[in-house]
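Let me put the thing up on the screen and then walk you through a few parts of it.

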Amino acid sequence: MALDSKVPAGDLADKWTKHKGEIPLVSPANKRLMDVIVVGTGLAGASAAASLAEMGYNVKAFCFQDSPRRAHSIAAQGGINAAKNYQNDGDSVYRLFYDTIKGGDYRSREANVHRLAEVSRNIIDQCVAQGVPFARDYGGLLDNRSFGGVQVSRTFYAKGQTGQQLLLGAYSALNRQIAKGRVKMYARHEMQELVMVDGKARGIIAKNLVTGEFERHGAHAVLLCTGGYGNVFFLSTNAMGSNVTAAWKAHRKGAYMANPCFTQIHPTCIPVSGENQSKLTLMSESLRNDGRIWVPAKKEDAEAIRAGKLHPNDIAEENRDYYLERRYPAFGNLVPRDVASRAAKERCDAGYGINKTGEAVYLDFAAAIMRYGAEEAHVKGLKNPSDAEIKALGEKVVEAKYGNLFQMYEKITASNPYKEPMMIYPAVHYTMGGLWVDYNLMTTIPGCFALGEANFSDHGANRLGASALMQGLADGYFVAPYTVGEFLSKDIRTGTIPTDSKEFEEAENACRQRTEMFMNVNGTKSVDYFHKKLGKIMWNEVGMARSKDGLEQAIKDIQALREDFYANVRVLGAANGMNPELDKAGRVADFLELGELMAKDALERNESCGGHFREEYQSAEGEALRDDENFTFVSAWEYTGVPAEANLHKEELVFENVELKTRSYK
Amino acid sequence: MDLTLKIWRQAGPEAKGEMKTYPIQGVEEDMSFLEMLDYLNDQLIDQGIEPVVFDHDCREGICGMCSLFINGEAHGPGRKVTTCQLHMREFKSGDTIYIEPFRAKAFPVIKDLMVDRTSFDRIQRSGGYISVNTSGNTIDANAIPVPKTDADKAFDAATCIGCGACVATCKNSSAMLFVSAKVSQFSLLPQGQPEAKERVLNMVNQMDLEGFGNCTNTGACEVECPKGISLENIARMNRDYLFASLSSNK
């Protein structure tokens, strides 16, 4: 099938307005007769469900958590970008567009990204109207901070809990529609199969996780707002339940998976402490506004720290290597995430890591504390304040900005970041890849849409900080509610989708068989055993640095692990009732296929770009070497039965408004 | 460290539950409390015993999904932490730890340590929102300045994660802290004013319908709240409620 991105003709800046004006409308009387399923209730799902219901469609929303408010968007910390230019620092829609394209290393679609930048401004207006309590300055107006990869302050925030506040805003809009009966909410439900009728997505089989029952739900369109697949690495900043199952079921039914190897490894996370660790915790990128990243300049100092014989505070300024400031003077500590992560890995690989595993670097607030303290002392009119006074004042300022993050850090590590530098290391955080979608956010299955992190469209090979929240809400509030109409307008005569058809029966039977299969293996190893093993393979070979040999080995190892899984997994308990182990088995089975496709995708992409770094393709200075001549395309994979035999389709990326350049932050 | 765990096991909502004893060895102090339970479950699976069911998701203290009454305290010992942020270094080898579900009439047990908190969602649906459509065509975000102190207080109230520790802790199983946090958030912002009266009346009414108890100003909820939501919010809600019931047009 040829991939048609359906990008409208015309000037970049006019495409969306023009397209929106040309989408056929569905009359209110007909909307009432149309059903839409929304899977997932994070920023994208909750906002889409609320908006579609407002417009008059009948919406059914599903989430696996006990409440829509728990979706993992809640954990986003730092902020949300919008081209408001409130700070008067030269920001504009074009600049946000350009930064995002460049940050993504020229592997995203121009028209989608421009649309995102355009609607970013409406998001802030909308959220304030909903009562989202963003941070404000003393004049009562909204405050901003800076994020990596940009030179303006366009990030709106609510302390270190921006995702929470935005999600609760979307949840409140959703609640308003649930109360009106316009949305039917199914919590503790998981989508287990996409149902296709006449080549179109016409419903899902959902499992009620409390009773174990399979339910048939028909609809005229299905929106997958199910987030990313970072948990394929087992250890990631994702929630424990985050999974690829809904997207993977759609993939198996014909939705292409785009750029699956584009994974974001976030530079500032709390390092791994032990074998029993279940997840990694992010320390917001906003900390890089004020924190300085360093390792000892001398190897013997690093060794002494690892042996517990030296304290970081005792290392003199001239013996510290602020390697980001050294390598990238123009952006310093605020280089994009992929660049910062690789630089940390490079230092640790070279033997300068500073915790017992040798895989950690410092994020230091001492300088910021003194700087803010001096400012406060000046404001308060203190004459000749002592260092201790300045420090105390500075700590207060830092606490007001990042208090909850510092507290979170201290709880996990039992170390006080006001007194000694934080230890951080990169961890899997976000997946730029996802289901391929056209300009209307529709996958290659008619009627099946993908929104937010679940699709691939806006971040190319590397996402900039504070852009995930922007994309989730843009897709859910302002894009999909319109573009879904284009598909549904052709469906006004279809009538209710019956669920007693053979298609629904077959889909339900497939779910039952899968469940029975897991229950009957009766093996010897827990689901987590396999998940952890898969995670190790992925992290070592499909992580921050990839090579041909490593990827080929990873593919073989994953295939062997998958066989082992189906032969030896042990799921206890019963199928007809609450059984989290059984649910986990289903998710890990899908990860075991996805992981192989990711390795295959990484192997085929013979270049380094953004978060995808192939060791064979780097400059003498260790920077990523892109190959625009041969790889300026989106890899869209078609499922054919086994991941090894997936078919590659290419969507050529055309840049009409931006010149492709070597990305430089020096 | 070696521990003795006493854990509430209950096969289903209607089943009779009981405390079961599980000795566990080799717990590391860097494990979070939930990682300790993962570790236990791995061993139970090895022994052919069905693993303990408990709610959890983000494991960084923000989703509000984890719960647990540990040694008689919601989210265990320590202040301003959720169970997932509690680490085993808070315990010592030889300890016996009692682990129970959050208990309240409005939080029925689903299985083992997992409870049903959808009553909270129903309260939110009764008025925990501002009625604005999602067109994006509202006024500019900076059109109405909000005094920083009000915005900060609204934010503090809005940080409630809806975990239910306040209810589990309260001797009356009252949800006043939870409800007042949402009422306060909107009550402190200009955008929340048009619906303020109906909001507080409807949310309090729904809270009562769900079977939550009343507030007797004990203050245990504030102490156990992992987000430090202040009792001040309850006072504000009482004020708003009284004002609304005396002056509402309804």
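So, which residues are exposed on the other side of α8(B)? They are B:Arg239, B:Leu242 and B:Leu246.

Some housekeeping before I go on. This is a predicted model, where local features need pLDDT of at least 70 and side-chain atom pairs count only at pLDDT 80 or more, while totals for chains, interfaces and linings use all residues. Residues are numbered from 1 along each chain as its sequence is written, and chains are lettered from A and ligands numbered from 1 in the order in which they are written. Helices (H or I, at least four residues) and strands (E, at least two) are DSSP runs, numbered from the N terminus.

On α8(B), the buried residues are B:Asn233, B:Ile234, B:Arg236, B:Met237 and B:Asp240. Those residues sit on the same side of α8(B), because they cover an arc of only 155 degrees around the axis, the arc being that of the directions from the helix axis to the C-beta atoms. The cover over the buried residues of α8(B) includes α3 (148-158), α5 (176-187) and α6 (196-209) of chain B. As for length, the 16 residues of α8 (232-247) of chain B should span 22 Å at 1.5 Å a residue, and the end C-alpha atoms are 22 Å apart, which agrees. The expected span is 1.5 Å times one less than the number of residues.

Now chain B as a whole. There are eight helices and seven strands in chain B, and the C-alpha atoms fill a box of roughly 60 × 35 × 35 Å along the principal axes. Of its 250 residues, 53% count as buried. Take the contacts in chain B with a separation of 6 or more: 70% of them are between residues 24 or more positions apart. Two residues are in contact if their C-beta atoms, placed from the backbone, lie within 7 Å.

Strands pair if DSSP finds at least two bridges between them. β1 (3-9) of chain B runs antiparallel to β2(B), joined by seven bridges, and B:Ile7 stands opposite B:Lys20 in β2(B).

Chain B splits into domain 1 (3-111) and domain 2 (118-247); domain bounds come from an automatic or database domain assignment. Their contact takes 18 residues from domain 1 of chain B and 16 residues from domain 2 of chain B. The centres of those two domains, taken over C-alpha atoms, are 29 Å apart.

What about the contact between the chains? That takes 64 residues from chain B and 68 residues from chain A. On the chain B side, α1(B) gives the most, with six residues. By class, that side has 26 nonpolar, 21 polar and 17 charged residues. Here Ala, Val, Leu, Ile, Met, Phe, Trp, Tyr, Cys and Pro count as nonpolar, Asp, Glu, Lys and Arg as charged, and the others, Gly among them, as polar.

β6(A) runs antiparallel to β7 (200-208) of chain A, with eight bridges joining them, and A:Val197 has A:Lys200 as its bridge partner in β7(A). Two residues lie between the strands of this hairpin, and A:Asp198 in the turn has a positive phi of about 50 degrees.

Most residues other than glycine have a negative phi. A:Tyr106 also has a positive phi, of about 60 degrees, although it is not a glycine. A:Tyr106 lies in the loop between α4 (93-103) and α5 (110-129) of chain A.

Last one for you: is A:Tyr106 buried or exposed? A:Tyr106 is buried, with 24 other C-beta atoms within 10 Å, whereas A:Asp198 is exposed, with 7. That's my lot, thanks.

Definitions and conventions. A residue is buried if 20 or more other C-beta atoms lie within 10 Å of its own, exposed if 12 or fewer, and partly exposed in between; C-beta atoms are placed from the backbone.
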